[in-house]
Amino acid sequence: MNLKVRQKLKASNFKSEPHWDFEEDYRLDVGGLQTTCPDSLKIRASKSPWLQNIFLPNLTLFLDSAHFTQGEWDRLEHFAPPFGFMELNQSLVQEVVTRFRPVPQQQLLLAGLPPGSSRCITCAVVGNGGILNDSHVGQEIDSHDYVFRLSGAITKGYEQDVGTRTSFYGFTAFSIVQSILTLRGRGFQHVPLGKDVRYLHFLEGTRDYEWLEAMFLNQTMAKTKLSWFRHRPQEVFRDALDLDRYLLLHPDFIRYMKNRFLRSKTLDTAHWRIYRPTTGALLLLTALHLCDKSQSQLCRHSLSLAIEKDHHFRGLFDLSTPVLLWGSLFTQDLWNNLSQHKVPYGWQGLSHKAIISTLRLLNNPESAELFGASKPRSCIRCAVVGNGGILNGSRQGQKIDAHDYVFRLNGAVIKGYELDVGTKTSFYGFTVNTMKNSLISYSKLGFTSVPQGQDLRYIFIPSSIREYLMLRSAILGVPVPEGPDKGDRFLKSKLIDTQFGDMYMPTTGALMLLTAVHTCDQVSAYGFITSNYQKYSDHYFDREMKPVIFYANHDLPLEAALWRGLHNAGILWLFQR
């Protein structure tokens, strides 16, 4: 009888990372708990045009005895570590993995909350970057429900900057050994300890399984790939390790992170075998799949945390609400719903043809993402610049331009006022009416066209059918076909008389500021109405003092009270003098 022996796969047989038909087959946690947090990362991801097709909220995160079978070995042997088991010793892997009991992964974080709690689980992921030195965010880090740290997580002497709490500690065998050897003199002689600390082990390769074997046998690493580490792994845990708090990250999960979020071009070269995401990246993405809200601690004061802590505003804000309208959002149900509400809150009385013909042109997923591909990796800091007279002589220009994004609106006069308002513009928001009135009123001040630039994006605020017609014409590059703007071309507006509506709506500035609050991590508001508005002219570019006029179609005192409340709650920062 002839037995066909399957040839073992070797990395050296491939000139670049091999691809298999089952590359995207991952083990799912079928019984995964559905979050009850209304603003959970999982809910946000399901609504994001970018993430909804790549984020798997019910992916199996941990490797344990329940997930180790011959079939799983055969499948995962096609992928090189840490993404699979290629070239590993099956007996060694089986010996260590089968010692770990099944992990109810979705219950890990909920266990620390009151039964039936619907509160959002907040997590801080603390890297070791120099940006934290003298940052004074330690208290904020420790205020999260769970704190994730990694590798050489030194806290002693840096408590004000990085906090003291540790809930999860992430590492590889190499990173933990290297951290202890190089940072021993700085006080890092063992991993963070405590009865509630859990350990997340990212399995890079053979040395990690050898580490686990030595840990179980309470031996040194003398005969392993980490032989230069002269200590027993148990010593790193001060001989007090509880295996129920030691978690192995599943190769499927690490491969998923690589395939969908961190696919490097190195994988397409002869050096494909050496690539893997950093331990910090793996830990942060792990937190994103465990927590409701996760913050890499480069963002000192996230407004979402401030909202969560404020009893009043927590009940008002829903940060999962779609901010931008684009083609894929349009459905008959949406039309039926919005047709019940007057503009600017809906589509009552507007042409179905005009709406749908415009939205169909916005078919790129980037139309649904305010920041698109330019979104920074860390904390998104936004400045929203109104046109209030409080900015005249303020010398805030440099601070405004230091933000990641700068929002401007209406008559955004810059020339001659750079020291006060800066020069940078990322987003320009307007209604057709306010844009045209600004071009008419402020042309002598140099505002003869809306801000322009290669990376600048325009936010149309639809207060009537005019915005949809103007936007459609702008995209197609043709004149407006009908209505009061007939014949106009976007960015080349003619001076025309406009009928000023008497229907109440928030000011353009208010709509822009609230847009930023729902999309940025930190928001600074400049040039918005304050309690001492009488001291300043209506606009910062007024040549002579002009008092602020309260028009019937806006409620400026109401907006002033809102900005003051958001400022006092720490949700945004309002420039005041």
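Student: What is the torsion about the S-S bond of Cys-123 and Cys-291?

Tutor: The torsion about the S-S bond of Cys-123 and Cys-291 is about -95 degrees, so this disulfide is left-handed. A disulfide here is a pair of cysteine sulfur atoms within 2.5 Å. The sulfur atoms of Cys-123 and Cys-291 are 1.9 Å apart.

Some ground rules come next. This is a predicted model, in which local features need pLDDT of at least 70, side-chain atom pairs count only at pLDDT 80 or more, and totals for chains, interfaces and linings use all residues. Residues are numbered from 1 along each chain as its sequence is written, and side-chain values use heavy atoms, with hydrogens and water left out.

Now the setting of the link. Cys-123 sits in strand 2 (residues 122-125), and Cys-291 in the loop between helix 10 and strand 7 (293-296). The pair links distant parts of the chain, 168 residues apart. Helices (H or I, at least four residues) and strands (E, at least two) are DSSP runs, numbered from the N terminus. Both Cys-123 and Cys-291 are buried. Buried means under 20% relative accessible area, exposed over 50%, and partly exposed in between (1.4 Å probe, protein chains only).

Helix 10 (residues 279-290) has a helix partner. Its axis and that of helix 9 (residues 251-260) come within 11 Å and cross at roughly 105 degrees. That makes helix 9 roughly perpendicular to helix 10. The axes are lines fitted to C-alpha atoms, for helices over the stretch in contact, with angles from 0 to 180 degrees between N-to-C directions. Angles under 35 degrees count as roughly parallel, over 145 as roughly antiparallel, 65 to 115 as roughly perpendicular, and the rest as oblique.

In that crossing, helix 9 brings Phe-253, Ile-254, Tyr-256 and Met-257. They meet Leu-282, Leu-285, Thr-286 and His-289 of helix 10. By class, this contact has 6 nonpolar, 2 polar and no charged residues. Ala, Val, Leu, Ile, Met, Phe, Trp, Tyr, Cys and Pro count as nonpolar, Asp, Glu, Lys and Arg as charged, and the others, Gly among them, as polar. Contact means heavy atoms within 4.5 Å.

Cys-382 and Cys-520 form it, with sulfur atoms 2.0 Å apart. The torsion about their S-S bond is about -90 degrees, so this disulfide is left-handed. Cys-382 lies in strand 8 (residues 381-385), and Cys-520 in the loop between helix 19 (508-517) and strand 12 (522-526), so the pair ties together parts 138 residues apart in sequence. Cys-382 counts as buried at 0% relative accessibility. Cys-520 is buried too, at 6%.

The protein has 20 helices and 13 strands. Of its 577 residues, 50% count as buried. Among contacts with a separation of 6 or more, 69% join residues 24 or more positions apart.
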